[in-house]
Amino acid sequence: MGILAALVIGAIAGWLAGVIVRGAGFGLIGNIVVGIIGALVAGWLLPQLHVELASGTLGSILDATIGAVVVLVILSLIKRV
């Protein structure tokens, strides 16, 4: 996957995660970062749980969104403390 594709998928995943976890959006750059970190988290977490979702671009966006939601929930819990 190219760098541009990773940035676009990260931006979409971060934005979707921000919509799912209301009030946790970080703007375009923040969403890209959260989406990319979310993709890394999902890349580790989902195989540990033996979960395999769709493949291709849609699967990448879905995986990264799940990981980004996990990251945003953890960040919002840390903010509370």
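Visitor: Is Thr65 buried or exposed?

Guide: Happy to start there, with the note that this is a predicted model. Thr65 sits in helix H3. Its relative accessible area is 7%, and the cut-off for a buried residue is under 20%. Therefore Thr65 counts as buried.

Visitor: Which residues does Thr65 touch, leaving out those up to four places away in sequence?

Guide: Thr65 belongs to helix H3, while helix H1 covers residues 3-20. With the sequence neighbours set aside, the residues that Thr65 touches are Ala13, Leu16, Ala17 and Ile20.

Visitor: How is H2 oriented relative to H3, roughly parallel or roughly perpendicular?

Guide: Two packed helices are described by the angle between their axes and the distance between the axes. For helix H2 (residues 27-48) and helix H3 (residues 56-80), the axes are 6 Å apart and the angle is about 100°. Angles of 65 to 115 degrees fall in one class, so H2 is roughly perpendicular to H3.

Visitor: How many nonpolar residues are in the contact of H2 with H3?

Guide: On the H2 side the contact includes Val34, Ile37, Val41 and Leu45, and on the H3 side Ile66, Val70 and Leu72 are among the residues. Asp63 of H3 also takes part. By class there are three polar residues, one charged residue, and the nonpolar ones number 13.

Visitor: And what is the class make-up of the contact of H1 with H2?

Guide: The axes of H1 and H2 come within 7 Å and cross at roughly 100°, so H1 is roughly perpendicular to H2. H1 contributes residues including Leu7, Gly10 and Trp15, and H2 brings Asn31, Ile32 and Gly35 among others. Sorted by class, the contact has no charged residues, four polar and eight nonpolar.

Visitor: How far apart are the end C-alpha atoms of residues 58-78?

Guide: In an unreviewed entry, UniProt lists residues 28-46 and 58-78 under "transmembrane region". Residues 28-46 are 100% helix and 0% strand, with end C-alpha atoms 25 Å apart. Residues 58-78 are likewise 100% helix and 0% strand, and their end C-alpha atoms lie apart by 30 Å.

Methods
Residues are numbered from 1 along each chain as its sequence is written. This is a predicted model: local features need pLDDT of at least 70, side-chain atom pairs count only at pLDDT 80 or more; totals for chains, interfaces and linings use all residues. Side-chain values use heavy atoms; hydrogens and water are left out. Axes are lines fitted to C-alpha atoms, for helices over the stretch in contact, and angles run from 0 to 180 degrees between N-to-C directions. Helices (H or I, at least four residues) and strands (E, at least two) are DSSP runs, numbered from the N terminus. Angles under 35 degrees count as roughly parallel, over 145 as roughly antiparallel, 65 to 115 as roughly perpendicular and the rest as oblique. Contact means heavy atoms within 4.5 Å. Ala, Val, Leu, Ile, Met, Phe, Trp, Tyr, Cys and Pro count as nonpolar, Asp, Glu, Lys and Arg as charged, and the others, Gly among them, as polar. UniProt positions are given in the numbering used here, feature names are shortened, and annotations may be inferred rather than shown by experiment. Buried means under 20% relative accessible area, exposed over 50%, partly exposed in between (1.4 Å probe, protein chains only).
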